[in-house]
Amino acid sequence: MSQIVKSGGVFAVLLLMTLACVRPAAGGDWPEMRGPSRDGHVQTASDTNPAGFPLHWSETNNVQWKTEIPFRGWSTPVIMNGKIWLTTATEDGHDFYALCLDAGTGKITVNKKLFHADNPEPLGNGVNSYATPSPVIEPGRVYVHFGSYGTACLDTATAKVLWQRTDLPCRHYRGPSSSPILWENLLIITMDGVDLHYTVALDKKTGKTVWKTNRSAVWNDADVPGERVKLGDLRKAHSTPIVVTNAGQPLLLSAGAKAFYAYDPRNGHEIWKVRTTDYSPAPRPLFEHGIAYFISGMSKTELTAVKVDGHGDVTDTHVAWRLKTHIGKFSSPILVDGLIYSAAAESFLTCVDAAAGEVVWTERIGGSYEASPIYADGRLYFFNQEGLATVIKPGRTCDVLATNTLDDGLMACPSVAGKAFYIRTKTHLYRIEEGASAIKPNLSN
C-alpha cells in the first residue's frame, strides 16, 4: 500500500490492497530532535545487525506516504507508539499549532492551536521559522515549545493541554530555535535572545519553575560599532543543550554566545565555562570519553574540544584543541568511531579526528546544510536545504554510497522509527521505507 496525503483530505491510490490493509507503522521511538541517544545515532554501538533502512529514494521510489504540513515550521518530528508529533505556525507568527499524525497512514489526527501572538516580531530572515524548536516526548506526554510565545504539555492520548506557560520572557529577534530537553523530572529550556540569556528548568508534571540560571558571559560589545551589535545579534544563541554523565556527575552542556557552559542540571549551578568570541551558536554539543565538542557560532565557527572535569573559568586549562576548517554553522556534527563529521553551509563535508583535532578529509558534496545528519545501518545520511540527501560510508576517505532527491529541501532533522525515515521538508512530511513506491494523488477528488 502506498499513498500520498494532503492536509484537509486523504488521497489514496491502492496498489495491491485496500485502505484497510495499510501496513502498521514501524516500531521504535524517536523521542527528541537527535533521537534516543541525543546524538543522531539510530542504533546503539552494540547493535551491529542492519535494520534495513533505505539507501535510495525519490518522489516515486520508497515513499510509503507523503503528507502536506500546514503553515510553516522547521521542528523535528518526534515519534512514540505509532504517533508523530510536530509543531507549525502561521508564516506571520500570529498562531502556533501542535500536529499529530498516524505513523502508518500519514493522516493528520490532531491539529491543535495552542498560542496566539498579537504582535509577533518579524523574523527578518529566510532561515528561521516561528516553529523551529522541536518537541520532546515521553510515554503519555508531549512537550512543545515556541520560545517566548509559549510552552505546553499535552496528553498524547487526548491532545488535552495539561499545562502551559507564556511568561518566560525573551526577545528572540530572529525567531526562537533552541529545543527543550527532558532530564529526570525536569523540562529544561534555553532562552538566549538579544535582551535576556538564561536556562530554566520546569517541573515536567506541573510546568512550575524549579530553577533559573542567567548566563555569566561578559558582554564586551558596548563600544563596538556596527548594526549587528546595536541590534543585539552578538548576544543571541540557538543551540540545544545535552545532559551527559562524567565520573558519576550529570552535566548540562550548553553553547551560548561568548561562552560554552557546563551546569548541574539538578539545580542550575554553573560548574565551568569556556570563553569564546563568537555569537549565535546553533549546533548541539557532542560528548564522548570525557570530552565535550562545541561549535562556537556564526562568525569564526570553530569546533572546540573541552575536557569536562574542570571548575570555574577553564578557558586556559581545559581546551584540548580548536579547529576552524569548513565547520558547519547550523547542522550539528556527528561522531562515529572516533571521527567527527560536520556539514557546512557552504557545501563542504569535513571529517575530523576527534582525539587529535586534525582534519582527515574535506569534500564538497553540494548544497547548504541546516538539518543534522543521522547514522543508521553503518551509513551517514546528510540532508541539504535543496532536497538532496547524500549517503556516505564512514571512514578516513569520503566514500559516497548514494544521492537522493525530494521536491523540497530540509531544515528539520530527520526522524527514524523501525525501518522507516520520517523526513520533514519545507512543505511535507514523508515516510521513506524500503519497498514502497509513491504515486501522485488524484487532486480532483
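Q: Let's begin with one residue. In which strand is the place of Asn-404?

A: Keep in mind that this is a predicted model. Asn-404 sits in strand β32, which covers residues 399-405.

Q: Is Asn-404 buried or exposed?

A: The general idea is to check the relative accessible area, where buried means under 20%. Asn-404 comes out at 2%, so it counts as buried.

Q: What does the side chain of Asn-404 reach?

A: For polar contacts, look for pairs of N or O atoms within 3.5 Å. Here the Asn-404 side chain reaches the backbone oxygen of Leu-55 at 3.1 Å, and it also reaches the backbone nitrogen of Trp-57 at 2.9 Å.

Q: Which residues does Asn-404 touch, leaving out those up to four places away in sequence?

A: On that count, Asn-404 touches Leu-55, His-56 and Trp-57, along with Gly-387, Leu-388, Ala-389 and Val-391. So Leu-55 and Trp-57 turn up among the touched residues, and the cut-off behind that is heavy atoms within 4.5 Å.

Q: Now for a sheet. What is the order of the strands in the open sheet of four?

A: Reading a sheet starts with who pairs with whom. The order here is β12-β13-β14-β15, and the pairing is antiparallel. At the edges are β12 (181-183) and β15 (209-214), each pairing on one side only. On average, neighbouring strands are turned by 25° against each other, direction ignored.

Q: How many bridges link strand β13 and strand β14?

A: Seven bridges, joining β13 (residues 186-192) and β14 (residues 197-203) in the antiparallel sense. As one example, Leu-186 has Asp-203 in β14 as its bridge partner.

How values were computed
Residues numbered from 1 in each chain as written. Predicted model: local features only at pLDDT ≥ 70, side-chain atom pairs only at ≥ 80, totals over all residues. Heavy atoms only, no water. Pairing = 2+ DSSP bridges. Helix = DSSP H or I, 4+ residues; strand = E, 2+ residues; numbered from the N terminus. Axes fitted to C-alpha atoms, helices over the stretch in contact; angles between N-to-C directions. Buried < 20%, exposed > 50% of the residue type's maximum accessible area, 1.4 Å probe, protein only. Polar contact = N/O pair within 3.5 Å; in protein donor to acceptor, adjacent residues only side chain to side chain.
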